[in-house]
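This report describes a protein model, moving from overall features to individual residues. The sequence and the structure are shown first.

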Amino acid sequence: MPGVQLGSGVQRLRPEPPEELPAQENLLLAAAYVSDAQYNRNVPFQTSPQAIRLYCFYNHWTMRVVTYLFICVDLSLALFEKPALFPLPFVATALAEVLCLAAFSARLVHFAKVTPQMVFWKDTKNICIMVTIVVTLIDLIIYGSLETVYIHSIRWTRALRPVFLINFPESRQIRRAFRSIRNTLPDILYVFLLFLFSVLMFSLMALKLFGDRGLKTAEGAPYFTNILEIVFELYVLVTTANNPDVMMPAYNLSWWYSLYFITYIIINTYIFMSVFLAVVYNNYRKHLKNEIRTLVYLKRHKMIEAFDILKVKVGTEFVVKEATWKQLAKAVAPDISSSHLELLLRISDEGQQGFVDKMNFLRLADLLNIQVVTVNLRRHPLEAWVPRVYQSSLSLLVQRVVRHRVFVWAYDVIILINAIFIALDEKHPFISYAEWLFLALYIIEILLKLYTYEPRAYFGRKQFWNWFDTLIIIAALVATTANATVQSARKYNSRQILDIVLILRILRLLRVIISIERFRVIVTTLINIGPTMLTFGGLVFVVYYAFAVIGMEVFHGKVRFFDPNFTSPDALVCGNPALKGSAFARDRYCKNNFNDLASSFVVLMELTVVNQWHVLAGGFALVTHQAAKLYFILFHIVVVILIVNIFIAFILEAFFVAYSLGKSEIETAIEKKIQELGVGIQEEDVQDWKLTGNMGTRDSTFSGNDGDNTKASKGLYFRIASKKYRTVDALLQRMFESEIAANEEGPSLEEILSFSPSDIYPKNPNFENSA
């Protein structure tokens, strides 16, 4: 009987009559649904063959790369426009922006071709993009016309450029973060109003307590005589940036007045700021859970749609035939190897019946999301070249020593001793000679490991720390040799080379991380949530960009930077007489200006840290108007109070999930099947450099047998790269998805797409109360 060879003596039986394969159009449509489920896309698309092909082309990685390339070009134009870091003529920047707008328009038209018209015109994202394109073109025409007659105007649409980054479908993660902020605002607004009421009450008390006492600040200005100045100073005090300076005049007058400021700090800094964090965290998690619930239902509906397209009736139930399932998987993941595909089929068709039932079919998107590493174990080259020498008793003893944990611990101790020597005086001859000893020990370690472990295993694609360690040692050896050569020539002492040497020596201390398991777990968790943390990086960038453009339009040229050697009167007041005698000029903050995009970002970063932000705000208020302080207060509210708190809430949730949850049910199923087939590799083998990484041949078959768990010395093996799969999105989805029954199809697709963040699924009234 015909079959597919899986292992020694094991065949998968196939039905005698040839299977009827689905039409190419049906397969393409089903693949589009599965691909959407795999990547959590929720774009409704037309189902005609031409629209499906256009939709697949729309989602191709090259199209996404091109879109982001034009977005980057559009955003980077602020570097070349007045006020510019690298000035270019207006014609050049205008042409580049028109080209970007044309690309965005083409992308939008492409999207309109694949989505139903009613859906397209009801989508707020598309309306935002179209409006931004139109107003940008109008602004370009007006600005260019005024420039031709030498009239300077404001390019106000530059602050709208991040709209393209936010609203294209590829940026759904950033949109999710913005939705979290938008949905959190109503709840946080009441807390913020109560906080402002508290600040105002304390301001009135300060005015009555200190306003008529004739007190002066350290700069000689009247102390707490203007209500607006008092409100600003007390708002700054919430951030502790001007503590204890703002208190000192009153404190110098009487010790009892310190109780006023202590009470104010306890109520507003510690209580209200903690309440802000609690409200933001609670609402962020609630809205995130609702969004994940919507994604779960959408994914399930798309998989059901794909199943309904490909299903055939066998006996009393509908199933998808094996050949059809394989075609579908190859269409969704063209680069999947035959061995990997066969492994997933074994999991989906456990009974070896030649078809996949509905419940197992619905897991296909998650199966394809889990990275399974295919591994070829090979003999060491020395074992093939000089087998007698490599298998000798002395050689085996060396290999056992290198593989033993004591060997690792010994080098950990050497690294710690090396750290002590690094902290000592570099010019002492004994310390200088000791560095050569440490370098020799590290080189010996690498050579011993290359002797023990197969070289391609040691330098596999997944062996980041091996590459890092080796490159650091080689670079340190080269830099140390170069530094010794330069010093021996006695012509000059290269400070730059010495700095590189010192940095490379310190970086070697990072090797301790891979030796201590707890360190490794924490660092791995942080690395795993790193890609999703970039979502908030994009969110912060969008806010920074908008504030930077506004700041450049309002404050550029008001503050100028002079070389520290300049002693002219202009240099002492940052090029503006209004700053004479101010803390801004006294602290030489002249380089903190809005004269170009890069400088603006630095100022905004300093404002985010909040230390001395009131000095920056006061300086720019002096060179413009006191109302300019509203710009800095608004930035503090949006970034520090709102976004930073959401970021903290996100880190808490993400780290908790990534650090505490184990493997999912599907990961466990894959791992179980791998072990049943006897082709499994344990995770600890990877830590000991016993694998070659992802080096499996594309079309190899299994080298293990069912029920035989003995491993050959070489052959094809598998393991789950579970740590690569544990992105925060996947973990949160799995956590919330577990609250929904596996066989529950949920509401209709139309109802799902119209969900609001406050909707509660009626069939699951306890969903909001579950964690």
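Predicted model: local features only at pLDDT ≥ 70, side-chain atom pairs only at ≥ 80, totals over all residues.

The secondary structure comes to 35 helices and seven strands. Of the 771 residues in the protein, 47% are buried. Among contacts with a separation of 6 or more, 75% are accounted for by residues 24 or more positions apart.

**Nonpolar surface patch**

Helix H11, spanning residues 258-310, contributes the largest share of the patch with six residues. Tyr 270 is placed in helix H11 and counts as exposed, because its relative accessibility is 54% and the cut-off for exposed is over 50%.

**Salt bridges**

The whole structure contains 17 salt bridges. Three of them are set out below.

| Pair | Closest N to O distance |
|---|---|
| Asp 74 and Arg 161 | 3.9 Å |
| Asp 308 and Lys 311 | 3.5 Å |

The salt bridge between Asp 74 and Arg 161 links distant parts of the chain: Asp 74 belongs to helix H3 (residues 61-76), whereas Arg 161 sits in the loop between helix H6 (124-148) and helix H7 (162-167), 87 residues apart. Asp 74 is buried at 1% relative accessibility, and Arg 161 is buried at 2%. Asp 74 and Arg 161 also take part in a network of salt bridges whose other members are Glu 81, Glu 97, Asp 139, Arg 155, Arg 158 and Glu 553.

In the pair formed by Asp 308 and Lys 311, Asp 308 is partly exposed with a relative accessible area of 37%, and Lys 311 is partly exposed with 31%.

**Arg 41**

Arg 41 occupies the loop between helix H1 (24-38) and helix H2 (49-58). Is this residue, Arg 41, buried or exposed? Arg 41 is buried, because its relative accessible area is 11% and the cut-off for buried is under 20%. The side chain of Arg 41 makes polar contacts with the side chains of Ser 35, at 2.7 Å, and Asp 36, at 2.8 Å. Beyond its neighbours within four places in sequence, Arg 41 is in contact with Ser 35, Asp 36, Tyr 55, Asn 59, Arg 172 and Lys 302.

**Cysteines**

One disulfide is present in the structure. It joins Cys 574 to Cys 590, with an S to S distance of 2.0 Å. The torsion about this S-S bond is about -70°, so the disulfide is left-handed. Cys 574 lies in the loop between helix H26 (569-572) and helix H27 (583-586), and Cys 590 in the loop between H27 and helix H28 (597-609), 16 residues apart. Cys 574 is buried at a relative accessible area of 0%, and Cys 590 is buried at 3%. Cys 72 is in no disulfide, and its nearest cysteine sulfur, that of Cys 100, is 9.8 Å away. Cys 100 is likewise in no disulfide and is buried, with a relative accessible area of 1%.

Definitions and conventions:
Residues numbered from 1 in each chain as written. Heavy atoms only, no water. Helix = DSSP H or I, 4+ residues; strand = E, 2+ residues; numbered from the N terminus. Buried < 20%, exposed > 50% of the residue type's maximum accessible area, 1.4 Å probe, protein only. Polar contact = N/O pair within 3.5 Å; in protein donor to acceptor, adjacent residues only side chain to side chain. Contact = heavy atoms within 4.5 Å. Disulfide = S-S within 2.5 Å. Salt bridge = Lys/Arg side-chain N within 4 Å of Asp/Glu carboxyl O.
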